[in-house]
Every structure is written in C-alpha cells, then in structure tokens.
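Have the structure open as you read.

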Amino acid sequence: MEFVIYKVKYIRLPDLLDELAVARDEGIFRKVMKLFKNVNLLILDEWLLTPLKGNETHDFRNYKSRHLNSSTIFCSQFDPRGWHEKIGEDTLADAVLDHIVHDSYSILIDGKVSMRERNGIEK
C-alpha cells in the first residue's frame, strides 16, 4: 500500500497579511511566500473580512504561482461578487480574481442560525 503525504496550512487572512508585512520589513518576503506556495492545500480563513489596503493587494498578485499547481480554500462570509471591491485597484483585482475564480468550485453554506447562536454564545 502506498501513502501520499500532503502538506496543508491553515491561516486566517489577517494573520497571513501580518506575517507578510513582517517578512517584507525583515527582507525575507520571497522566502515566506515560497513557504505558502509549496503547501498542497492552503486554507485561508476570514478571506476579505476587511478590505485589503496598501501592499496587501499586491501580495496576492503572487497567487498565480499556486494556480493549477496546488489547491486553496477561501473561507469567507461574503459573496464572491463583492470580493472585487474589497481587493481594490481594479486591474489588480481582476487579475487576482481571475486566478481565484477560474477553475474553482463554490460551496455556499447558508443557515438561518449562526454557529454562535447554536452554541449559546450569542442571542
């Protein structure tokens, strides 16, 4: 029996953006980007919870290096039709979303009761 090992990384988008900003300041941006490029499955949670700003938008132009080579799961509370506005910079947003949306599958999980309500955290 043969086993295949896949590298998986889960990270919240705000944490990833912080990590990339620190890497840029420390001069190791390419090294950190390579770590994210080389995982088989990257799970980005809290995708576009807030609009991207400054260098954050430009950081995702490198997403194309993952396209067709590995998989990414974008977990978002927002409809993908609103992502363009949250990415900003029209031309760059077009390029980023072309790579994200092309050859993708969308799974909409919709419920009348939030997980916080179901778990008794919020009324």
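Which element gives the largest share of the lining of the second largest pocket? That would be α2, with 4 residues.

## Ground rules

This is a predicted model, so to speak plainly, local features need pLDDT of at least 70, side-chain atom pairs count only at pLDDT 80 or more, and totals for chains, interfaces and linings use all residues. Residues are numbered from 1 along each chain as its sequence is written, and side-chain values use heavy atoms, with hydrogens and water left out.

Confidence here means pLDDT, the predictor's score for each residue from 0 to 100. The protein averages 86, and 89% of the residues score at least 70. β1 has the highest confidence, at 97, while helix α6 (residues 115-118) has the lowest, at a mean of 64. Where pLDDT is low, the predicted coordinates should not be read in detail.

Of its 14 lining residues, Met33, Phe36, Asn62, Tyr63 and Arg66 are the closest to the centre. Two or more lining residues come from each of α1 (13-26), α2 (29-37) and β2 (41-45). By class, the lining has 8 nonpolar, 2 polar and 4 charged residues.

On terms: a pocket is an open set of points on a 1 Å grid over the protein atoms alone, where a 1.4 Å probe fits, with protein on both sides within 12 Å along at least five of seven lines; lining residues have an atom within 4 Å of a point. Nonpolar covers Ala, Val, Leu, Ile, Met, Phe, Trp, Tyr, Cys and Pro; charged covers Asp, Glu, Lys and Arg; the others, Gly among them, are polar. Helices (H or I, at least four residues) and strands (E, at least two) are DSSP runs numbered from the N terminus.

## The sheet

3 strands make an open, parallel sheet in the order β1-β2-β3 (pairing takes at least two DSSP bridges). β1 (8-12) and β3 (71-74) sit at the edges with a single partner strand each, so one side of each has no neighbour in the sheet. The twist averages 15 degrees from one strand to the next. β1 and β2 are joined by 5 bridges, and Tyr10 has Ile43 in β2 as its bridge partner.

## The helix pair

α1 and α2 pack at about 145 degrees, their axes 7 Å apart (axes are lines fitted to C-alpha atoms, for helices over the stretch in contact, and angles run from 0 to 180 degrees between N-to-C directions). Leu16, Glu19, Leu20, Ala23 and Arg24 in α1 meet Phe29, Val32, Met33 and Phe36 in α2, with contact meaning heavy atoms within 4.5 Å.
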